[in-house]
Amino acid sequence: MINSIAKKETLVDFYNNLKIRLPEIPMPSLGMINDIGHFNVFNRAIVCSNLPSEFSRRDFYKISLIIGNGILNYADATIEIKERALLFTNPNIPYSWHSTSPQPNGYFCLFTDNFIHSKNESLKDSLLLRLNNCPVICIDHEQEDYIKRIFARMMNEMDGDYIHKYDLLRNYVQLIVHEALKVQPTGMVLKQNNASVRITSLFIELLERQFPIGSTEHSLELKTAQDFASRLSVHVNHLNHVVKEVTGKTTSEHITGRITTEAVALLKNTDWNISQIAYCLGFEYPANFNLFFKRRMNCTPRTYRS
């Protein structure tokens with residue numbers, strides 16, 4: 001029998017849960033999600049609660065302007081947010097959020113993969129690279145005011161009937177992404193939209209396409225820098241050079257980090273045994289997986305699960 005990973009929260013789940021708590025909020029039609037994608041924007045003070053969310057993946061991207069305090073459990077890390085921050089989450093990484101402020105405040109927008117990928121390659125590249133580093137961007141008062149105005153414009157557009165409003169909304173999303181990129185540490189900012197950035201984006205996209213792992217019969221196909229270089233038809237030394245140049249991390253660091261994140265998610269969210277998880281992650285022998293995990297997490301998979 002094939003086990004399945006803990007169920008993702010889908011857009012339908014999100015809106016059904018929202019309708020239970022806030023029946024007065026109009027529910028959008030989701031019939032065209034697969035064709036044109038979906039976008040929506042919300043005021044956190046209206047739709048969010050102080051109850052901790054479930055630790056799981058979602059099948060949509062989400063950008064949140066958080067004003068206040070809270071605890072983010074993201075993959076295998078716990079991040080405390082104080083006063084104000086931008087939070088980027090994506091369909092590949094499981095997370096949970098617990099607001100520790102008396103009242104949630106700020107905004108968030110959510111959107112599907114095809115909403116951003118179909119018409120905006122530069123936005124696609126920025127999000128892919130941004131979301132594979134730290135998801136939290138600390139901001140100051142001035143940046144908070146600027147981003148609040150962008151979210152307010154989003155909400156106004158959602159209520160309007162401008163024929164090209166979704167193109168405009170993509171531009172607003174891109175403004176927020178660029179504001180986040182501007183305040184990244186110097187070594188992590190995308191230097192220019194050139195061939196190096198493009199190759200790096202393709203590498204990260206290939207890496208992310210392998211996740212999440214949904215069954216015990218799945219095993220990673222691309223596991224080494226050479227595997228990815230062959231798929232991208234570039235020399236492995238060139239791939240290593242451009243990935244390091246653009247992201248500040250080596251190709252191997254990206255691969256091992258992503259495998260570790262998935263290992264943690266599988267240990268937390270499935271009842272698969274260690275051997276099954278090892279096979280899914282591309283390890284021929286469980287002992288090799290145990291050594292890999294212990295180097296990364298300072299404990300064995302069995303100890304981490306217990």
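Guide: Gln-143 is buried, with a relative accessible area of 15%. The model is predicted.

Visitor: Where does Gln-143 lie, and which residues is Gln-143 in contact with, leaving aside neighbours within four places in sequence?

Guide: Gln-143 belongs to helix α6, residues 141-159. With those neighbours set aside, the contacts of Gln-143 are Cys-138, Glu-179 and Val-183.

Visitor: How is a helix such as α6 to be read, and which of its residues are buried?

Guide: An α-helix has 3.6 residues a turn, so residues three or four places apart point the same way. In α6 the buried residues are Gln-143, Glu-144, Ile-147, Ile-150, Phe-151, Met-154, Glu-157 and Met-158. Viewed down the axis of α6, they fall within an arc of 145°, so they line one face of the helix. The face turned away from this buried side carries the exposed residues His-141, Glu-142, Asn-156 and Asp-159.

Visitor: What do the buried residues of α6 pack against?

Guide: Their partners are the strands β1 (39-43), β2 (61-67), β5 (84-89), β7 (106-111) and β8 (136-138), together with helix α7 (165-182).

Visitor: How many residues does α6 have, and what span does it reach?

Guide: α6 has 19 residues and reaches 27 Å from first to last C-alpha, close to the 27 Å expected at 1.5 Å a residue. At its start, a side-chain oxygen of Asp-140 comes to within 3.2 Å of the backbone nitrogen of Glu-142.

Visitor: How are salt bridges to be read, and how many does a search of the whole structure find?

Guide: Side chains of opposite charge can pair when their charged atoms come close. The search finds 11 salt bridges in the whole structure. One of them joins Glu-144 and Lys-148, with the closest N and O atoms 3.8 Å apart. These two are four residues apart in α6, which means a separation of about one helical turn. Glu-144 is buried at 8% relative accessible area, whereas Lys-148 is partly exposed at 30%.

Visitor: Which parts of the chain does the pair Arg-231 and Glu-221 link?

Guide: Arg-231 and Glu-221 form a salt bridge with closest N and O atoms 2.7 Å apart. The pair links distant parts of the chain, 10 residues apart: Arg-231 sits in helix α9 (residues 225-232), Glu-221 in the loop between α8 (195-209) and α9.

Visitor: Are Glu-262 and Arg-258 buried or exposed?

Guide: Both are buried. The side chains of Glu-262 and Arg-258 meet in a salt bridge of 3.4 Å, N to O. Salt bridges that share partners join Arg-57, Glu-208, Arg-258 and Glu-262 into one network.

Key:
Residues are numbered from 1 along each chain as its sequence is written. This is a predicted model: local features need pLDDT of at least 70, side-chain atom pairs count only at pLDDT 80 or more; totals for chains, interfaces and linings use all residues. Side-chain values use heavy atoms; hydrogens and water are left out. Buried means under 20% relative accessible area, exposed over 50%, partly exposed in between (1.4 Å probe, protein chains only). Contact means heavy atoms within 4.5 Å. The expected span of a helix is 1.5 Å times one less than its number of residues. The arc is that of the directions from the helix axis to the C-beta atoms. A polar contact is a pair of N or O atoms within 3.5 Å; within protein, one must be able to donate a hydrogen and the other to accept it, and residues adjacent in sequence count only if both atoms are side-chain atoms. A salt bridge is a side-chain nitrogen of Lys or Arg within 4 Å of a carboxyl oxygen of Asp or Glu.
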